Amino acid sequence: MGQDPVSAVALSPDPLRARLHAEAARLARLGAWECDLATERLTWTEGVYDLFGLGAGAPLRRSEIVGLYEEASRGAMERLRAEAIRTGRGFVLDALIRPRRGEERWIRIGAELARDAEGRPERLYGYKQDVTAEREALERLRHLAERDHLTGLANRAAFDARCRAAAAGPDRGVAGLVLIDLDRFKAINDGLGHAAGDACLRAASERLRHAFADAALVARIGGDEFAVLLRAPLGRRRILRMLARASAALCRPVPWNGTALAVSASIGARILDPGRDRAPGAELFAEADAALYAAKAAGRNAVRIFGEAEIRAASG
């Protein structure tokens, strides 16, 4: 008898479906995994072997595989794994791994818990997917969102976020705040045009980067306004040297269109005393701003420290 055509049609899609699933997983850089909780035996599809730089079918020892995770990612994964086993709730985690072959990459782990007939945790299973390109794209977007387009320094939003984090963090990590205004910038910008003004801003940003190379953050927070968050535990004498170096650097003429633009800067600073000062908060900006106002009132091209005399007296 000939083959039943209805049965043939019903059976034929199975290998096709399997092939489509395999192709989709390959294109998505995705694989499935399972871990037997009693034996810690791992079972992977080919896609997961590829993610970890291992040949398909290579022996899998969980202790060795866990060692391929970057330390922070490994800790987060182990915490979530223990929580999933305890509560029965699955999780999704982006983790950084260092494969046996190839460069480090980000993978997204999706996990669910299966129980045995008595309701005991039996196995974890789920998917692992390469999300390196996605993470890099997000990082580029984040970088653009937090950077000043002209100077490449952090922008006001990034500065404000860093200040909030410093105020809320357990060790604060901030030794002080420096505010800088370029003197007579408006005269250059209005008299010679925006191109000349932009040249001054770019030159100032590079000089500040160099003078405050150890800072937690250097930002452009306004038209000709810059801010520097000093990283703890910078000592007072070192901070004074950095302020003097920045002032001298910002006084150097800026080459532009065959000429040299005369520039300078007013600088105000608030140096935190770790023995007396509380964690940096909103008052930190106000106090540094008061010092900046004092520098401008002194005739510009000056440095003032909140609650102290002019920098040369303070450092002498």
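This is a predicted model: local features need pLDDT of at least 70, side-chain atom pairs count only at pLDDT 80 or more; totals for chains, interfaces and linings use all residues.
Leaving out residues up to four places away in sequence, D130 touches R29, L51, R105, W106 and I107.

Where does D130 sit in the chain? D130 belongs to strand β5, which covers residues 121-130. Is D130 buried or exposed? D130 counts as buried, because its relative accessibility is 13% and the cut-off for buried is under 20%. The side chain of D130 also makes a polar contact of 2.7 Å with the side chain of T132.

Now the sheet around that strand. The sheet is open and has five strands, in the order β2-β1-β5-β4-β3, and the pairing is antiparallel. Its edge strands are β2, residues 42-44, and β3, residues 91-97, each of which pairs on one side only. On average, and ignoring direction, neighbouring strands in this sheet are turned by 25° against each other.

Let me go through the pairings. Strand β1, residues 30-36, is joined to β2 by three bridges, and the two run antiparallel. W33 stands opposite W44 in β2. Between β1 and β5, also antiparallel, there are seven bridges. E34 has Y125 in β5 as its bridge partner. Then β4 and β5: nine bridges join these two, again antiparallel. In this part, A111 faces G126 of β5 across the pairing. Strands β4 and β5 form a hairpin, with five residues between them. In the turn of that hairpin, G119 has a positive phi of about 85°.

Next, the helices on the sheet. Helix α5, residues 71-87, lies across β1, β3, β4 and β5, and runs at about 155° to β3. Helix α6, residues 132-146, packs on the sheet as well, where it touches β3, β4 and β5. The direction of α6 makes about 120° with that of β4.

The last item is a pair of helices, α8, residues 185-192, and α9, residues 194-211. Their axes come within 6 Å and cross at roughly 145°. Which residues make this contact? From α8 they are F185, I188, N189 and L192, and from α9 they are H194, A196, G197, C200 and L201. Sorted by class, the contact of α8 with α9 has six nonpolar residues, three polar and no charged ones.

Technical notes: Residues are numbered from 1 along each chain as its sequence is written. Side-chain values use heavy atoms; hydrogens and water are left out. Helices (H or I, at least four residues) and strands (E, at least two) are DSSP runs, numbered from the N terminus. Buried means under 20% relative accessible area, exposed over 50%, partly exposed in between (1.4 Å probe, protein chains only). A polar contact is a pair of N or O atoms within 3.5 Å; within protein, one must be able to donate a hydrogen and the other to accept it, and residues adjacent in sequence count only if both atoms are side-chain atoms. Contact means heavy atoms within 4.5 Å. Two strands pair if DSSP finds at least two bridges between them. Axes are lines fitted to C-alpha atoms, for helices over the stretch in contact, and angles run from 0 to 180 degrees between N-to-C directions. Ala, Val, Leu, Ile, Met, Phe, Trp, Tyr, Cys and Pro count as nonpolar, Asp, Glu, Lys and Arg as charged, and the others, Gly among them, as polar.
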